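Could you walk me through this structure, stop by stop? I have it open in a viewer and would like to know what to select next and what is there.

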Amino acid sequence: MSKLPMKTIATILFALFPLALHGAGLKPTSTTVGESFRNPVGYSLQDLSFSWQLPLVRNGTAQTAYRVVVASSADKLPDKADVWDSGKIDSPQSVKVDYKGPALRSRDRRYWMVKVWDEVGAEGAWSEVNHFEAGLMDNSEWKGQWISGDLPTGRKEYLFNRSSVPKGKKASYDFMKPAYLRKEFGASKEVTSARFYATAKGIYKASINGRQLDSRTQWVPGWTQHDIRLQTDTYDVTSLIQQGGNAIGVLVGDGWFAGQLHRKRRDNKKPWFLGQLEITYSDGTKEVISTDGTWQASTGPIVFGDIFDGEDYDANAEMPGWDKPGFNAREWTKPEVQDIDKAVALDPRRNQPVSEMQELTPASVKEIADGVFIFDMGQNMVGWPRLVDMPVEKGSVVKLRFAEVLRPDGTLYVDNYRAAISEDTYTPKEDGRITWAPTLTFHGFQYVEVSGLKKGEKPGVGNLKGVVLHNAMPMTGGFECSNEKINRLQSNIQWGQRGNFFSVPTDCPQRDERLGWTGDAQVFAPTSTFNMDVEGFFTKWLVDVNDLQDERGAYPNVAPFGVKNRGSGGWSDAGIIVPYEMYMAYGNTKIFEDHYDQMKKWIHFLRDHSSKNLIRMGFGFGDWLQPNSVSAQRSGKERGSDTPNALVGTAYHYRTTLMMEHMARVLGKEDDAKEFAALAQEIKVAFNRAFVGEAGRVDRNGKKTFTESQTAYLVPLSFGLLDEETAKLAAGHLVRKIKEDGSHLNTGFIGTPILTSVLARIGEVDLAYELLEKETYPSWLFTVNQGATTMWERWDAYSKEKGIHPARGNSLNHYAYGAIGKWLYASVAGLNYDERQPGYKNVIFAPIPGGTLTHASAWHQTPYGRASSAWKKSGDSFEWKVEIPANSTGTLVFPTRKLDSVKVDGDPVGAASMNLKSGNYTVTLKL
């Protein structure tokens, strides 16, 4: 064969080089299934899908095709996939790619890989091998019985500190001591795999042979509507089973099931546990050990544990080795048993569990009285304290008390905890030093008072740690700017989210409430998606919401648990708004499919239960906790709102109906979409007839007038309820109203989240920034100046001048007002999703510089990878750096009218906006 000339060879190599360069570098990363679960074991795999990200190896990195392979064992990948092979699919989709293989069954474990072809068609490398495993997917898979201890009771006394009863009135209740459960078993053969399936009516901690199944995970299985469904967990315990004797140990506490939840009379007197250990031996045989009457039950060192009231631990009752084989359990009793109720669904976990996420060291410790010490964590947090090498002595009970704020004399202020005792005690069995933390309670606190230590000993900051608990969702975003007080505000928003995303989105973590209020959740949901990966968290909670929808279609105001009132404007609408926001943030249409029928039922409920002219009536909260309410001053009520419930409810009826129109079109339900569009138009007409007067004034309800309010203008302007000319007039009234309120916000839970965005939209950017940077009451930075480290329920929950707000409903960790966080990301820094291409398939970069800020930046880990926007200005010069993740695109909206000054990577643009492929870009312009 003749040799090719060197010139020809060089030409061929040059032509092939780009393909080689492209394909070699593109290997999928961040591979997940379902709602961003990484190698899940026992999670819900309903409507299974695959997602991955691509490394940004160069500007323009994108995917043109993919191939997913699924096998029954890792060694069959990638070439012998025996479960499903998608084949090469020409598609840029890399998020929520549907699994189309055989339906999963309980216990199925599958392995998968993915590879992609890049923007020039070059084939990339296979991803790492990933796996997923199904839990027990049906009640029939559970073979045993519920068990609990027939255990002694104790009595707890507390101050029933609520506004409905005289302050200081004492009350008491009987409680059942936590149950310790155990079972010994033998394993005579070599174990190849073992799974432990577990759930509880209450909460549990489980161990095998003295080793906890998961030391970081707490408060499992989490909070659901217990009479409808329970979550179940799956643990790979292969490494914990030993040949010969073994023992399972389980501690079961009240949790949300049997404790003092909301101080209601306890219908559930005791917690219950259900477990099932399945062992596969090397010879292929299997053994199942389930909870039943052969287990043993006893009390132990934790003699009391409650969600509100704390934990009591008596070291004298410790039972060394109780969860190991060979323990002397002759005095233990048989457990009580119950058959599995087929009416209560046992569902694999849908969200990440509550876990120990970080550990804080106190900022200081101070002795305020002889032997009484107060540790200042420096941060309002949620979780529990961990005593570390703490000096104790026999005969003295160590007591830990908690508070969010101190009284002027340096002692704990606990009135705002209301009836929650929130105390832990530890009774030592001997002199010495202990390391201990509670297990069956949690607290919201910044300050920990410790007393009862060994006399003469003075602890240091290293003797106590603050263990931060929340659902194990990774942080996915951050914001920073030149104003350090706004940076503190951003930190407060994130800490408020940490503290209140505790199995469900709670309203507060410290007092005798801690409920999943729907109004708080819906206003904060958009901000929450920037800060954390909350897809699984809200997917699970929406099931709780749907479980409590009544036969008429009305959603609850609180979920789980549920209170009598439901259907409130701006609260129950969460059943529509939260799925919509999850779709916008994560691009998953399945959340629509899963809840569509119930969402449609809600819209019809609103239509059928409003007045004949479509004005939404009934119970509601209005603009909850408006700070300077004229209505409240007139009525003498503490929690007034100048914005009528009917106005808020009707506006939300319009907004959610439009959302349903959008969802119907996404799902291809065109007839429904037309119905919703027509209904929305009818509601719009009705709203204007009822609430909009002459010259764009929103100040009337039929013949009855009401007090003008900022929120009464904000809501219709934000939701698009006004025609163009009326909107201009109403915008002028809004600005006038703000000026009349001393250029301060005067908004509650409904108006505050949309305040700055509406002002920016109507061209009042300076006023929006003025309110953002305002430092006098009421304002976001007023709370920062008072030392806030979380968001507060009230704008004046505490002030250095007036002290603590006297209201008993006064939480210093209440996340709703943190909804300003979305505006910081989306408008100040300029980083947001594109509603036309949800899930950040296209990223909108549109900063609105203003106020005193000289720089601002934000980053967000989108479903496609990291996006960021960072700008700085000096005089009229503006420099802006943008990062667009691989396989995504970006739309840059330039914040200037001097379009001839705009350059991207040095090249003139001459336009108001520009679409770009993935990559890193530098923009310069003149403001």
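Here is a tour that moves from strand to strand, then to the rings and the cores.

**Before you start**

This is a predicted model, in which local features need pLDDT of at least 70 and side-chain atom pairs count only at pLDDT 80 or more, while totals for chains, interfaces and linings use all residues. Residues are numbered from 1 along each chain as its sequence is written, and side-chain values use heavy atoms, with hydrogens and water left out.

**Stop 1: the sheet with β4 and β7**

Start by colouring the open sheet of four strands, whose order is β4-β3-β6-β7 with antiparallel pairing. Strands here are DSSP runs of E with at least two residues, numbered from the N terminus, and two of them pair if DSSP finds at least two bridges between them. The edges are β4 and β7 (130-133), each of which pairs on one side only. Now show β3 (residues 63-71): two bridges join β3 to β4, and the two run antiparallel. Within this pairing, Val69 has Asp85 of β4 as its bridge partner.

Select His131 next, which lies in strand β7. Is His131 buried or exposed? His131 is buried, with a relative accessible area of 19%; buried means under 20%, exposed over 50% and partly exposed in between, using a 1.4 Å probe and protein chains only. The side chain of His131 makes a polar contact of 3.3 Å with the side chain of Arg109. A polar contact is a pair of N or O atoms within 3.5 Å; within protein, one must be able to donate a hydrogen and the other to accept it, and residues adjacent in sequence count only if both atoms are side-chain atoms. Setting aside neighbours within four places in sequence, His131 also has contacts (heavy atoms within 4.5 Å) with residues including Asn39, Pro40, Tyr111 and Trp112.

**Stop 2: Trp84 and Tyr99**

Stay with β4 and show the rings of Trp84 and Tyr99. Their centres are 5.6 Å apart and their planes stand at 80°, so the pair is edge-to-face. Rings of Phe, Tyr and Trp (its six-membered ring) pair if their centres lie within 6.5 Å; planes under 30 degrees apart count as stacked, over 60 as edge-to-face and the rest as tilted. Trp84 lies in strand β4 (residues 84-85) and Tyr99 in the loop between β5 (97-98) and β6 (109-118), so the pair ties together parts that are 15 residues apart in sequence. Both Trp84 and Tyr99 are buried.

**Stop 3: β14 and its sheet**

Move on to the open sheet of five strands, with the order β14-β13-β16-β11-β19 and antiparallel pairing. β14 and β19 (296-298) stand at the edges with a single partner strand each, so one side of each is left without a neighbour in the sheet. Strand β13 (residues 203-208) is joined to β14 by two bridges, and Ile208 has Arg211 of β14 as its bridge partner.

**Stop 4: Thr224 and β15**

From β14, follow the chain to Thr224, in the loop between β14 (211-212) and β15 (229-236). Thr224 is buried, with a relative accessible area of 3%. What lies 2.6 Å from a polar atom of its side chain? The backbone oxygen of Arg229 does. Among the other residues that Thr224 touches are Lys540, Asp544 and Pro560.

Now select β15, where seven of the eight residues are buried. Strand β12 (residues 191-201) pairs with β15 in the antiparallel sense over four bridges, with Arg195 opposite Asp236. Strand β23 (residues 345-348) runs parallel to β15 and is joined to β15 by four bridges; there, Arg229 stands opposite Ala345.

**Stop 5: the cores and an aromatic cluster**

Finish with Phe479, Phe538 and Trp541, the residues with the most contacts inside the largest nonpolar core, which has 184 residues. A nonpolar core is a set of buried Ala, Val, Leu, Ile, Met, Phe, Trp, Tyr and Cys residues joined through side-chain atoms within 4.5 Å. Another core, of 31 residues, lies apart from it and includes Tyr204 and Trp295. To end, show Phe501, Phe524, Phe537, Phe538, Trp541 and Tyr815, which ring pairs link into a cluster.
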